[in-house]
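Subject: Structure for you to look at

Hello,

Here is the structure I promised to pass on. Please open it next to this message; my notes follow below.

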Amino acid sequence: MESTISSSSSRSVSPSSSSSPNSPPPSLPPVTVVVSPCAACKILRRRCAEKCVLAPYFPPNDPIKFTTAHRVFGASNIIKFLQELPESQRADAVSGMVYEANARLRDPVYGCAGAICQLQKQVSELQAQLAKAQAEVVNMQCQQSNLMALICMEMGQSPQASPPQQSNLDNFTIIPMSFLDDNNNFESVWEPHWT
């Protein structure tokens, strides 16, 4: 195309042209732009039309995307589905179809539902772990406040002039415990932890 443009510009600038000034410049052959067909049309072995519904969503450099969706849904169903949607929603629909097709190929029985159930199970397990950790934090905060209250009572009862005496707190140990047992039931919060 550059050679065509440079040759036409040289014709118009060149003073030694043999054509008369009133004659029209020679017409250039129409430039044909060769566009690679989309991945869908390549795989289906058909001519990719200018307004191909699949072209924006299945580029020629990513044929696996269309192959996966085509194996599960079929080309006619994909085209029909995309034609029914507004253009603003088509990209999301294609990515959803490709994801669902990949899930269906990995797990032919459950597909996306299997992945969703597995993720929901993980969420519920993590929520239980979080509740258990939060209960342990509350337990330790209660133990700390109880310990501080005992220390303050000991310091308030002993005369300030006398040397510090052996306290009952030396035998006190903080043992982390969980509010929740294995069945997610609350255990007794006020269990004594004196040794």
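An axis here is a line fitted to C-alpha atoms, for helices over the stretch in contact, and angles run from 0 to 180 degrees between N-to-C directions. Helices (H or I, at least four residues) and strands (E, at least two) are DSSP runs, numbered from the N terminus.

Two points on the source. This is a predicted model, in which local features need pLDDT of at least 70 and side-chain atom pairs count only at pLDDT 80 or more, while totals for chains, interfaces and linings use all residues. Residues are numbered from 1 along each chain as its sequence is written, and side-chain values use heavy atoms, with hydrogens and water left out.

Overall

The protein has 6 helices and 0 strands, so the pattern along the sequence reads α-α-α-α-α-α by the DSSP assignment. Of its 195 residues, 20% count as buried (under 20% relative accessible area; exposed is over 50% and partly exposed is in between, with a 1.4 Å probe and protein chains only). Contact means heavy atoms within 4.5 Å. Among contacts between residues at least 6 apart in sequence, 44% join residues at least 24 apart.

Helix α5 and its partners

The axes of α3 and α5 come within 8 Å and cross at roughly 70 degrees. The two helices are therefore roughly perpendicular to each other (65 to 115 degrees; under 35 is roughly parallel, over 145 roughly antiparallel and the rest oblique). Their crossing is left-handed, the term for a near helix turned anticlockwise from the far one by less than a right angle, with clockwise giving right-handed. On the α3 side the contact involves Lys65, Thr68, Ala69, Arg71, Val72 and Phe73, which meet Val94, Met97, Val98, Glu100, Ala101, Asn102, Arg104 and Leu105 of α5. By class these are 8 nonpolar, 2 polar and 4 charged residues. Nonpolar covers Ala, Val, Leu, Ile, Met, Phe, Trp, Tyr, Cys and Pro; charged covers Asp, Glu, Lys and Arg; the others, Gly among them, are polar.

Helix α4 (residues 75-84) also meets α5 (residues 87-106), with axes that come within 10 Å and cross at roughly 150 degrees. This pair is therefore roughly antiparallel, and its crossing is right-handed. Ile78, Phe81, Leu82 and Gln83 of α4 make the contact with Arg90, Ala93, Val94 and Met97 of α5. That contact divides into 6 nonpolar, 1 polar and 1 charged residue.

Also in α5 is Ala103, which counts as buried at 3% relative accessibility. Leaving aside residues up to four places away in sequence, Ala103 touches Gly111 and Cys112. The C-alpha atoms of Ala103 and Gly114 are separated by 8.6 Å, with the two residues 11 apart along the chain.

Single features

Rings of Phe, Tyr and Trp (its six-membered ring) pair if their centres lie within 6.5 Å; planes under 30 degrees apart are stacked, over 60 edge-to-face and the rest tilted. The count comes to 1 aromatic pair. The ring centres of Phe58 and Phe66 are 5.2 Å apart and the planes stand at 75 degrees, so this pair is edge-to-face. Both Phe58 and Phe66 are buried.

Most residues other than glycine have a negative phi. Arg45 is not a glycine, yet has a positive phi of about 55 degrees. Arg45 lies in the loop between α2 (39-44) and α3 (63-73), and is exposed, with a relative accessible area of 78%.

Regards
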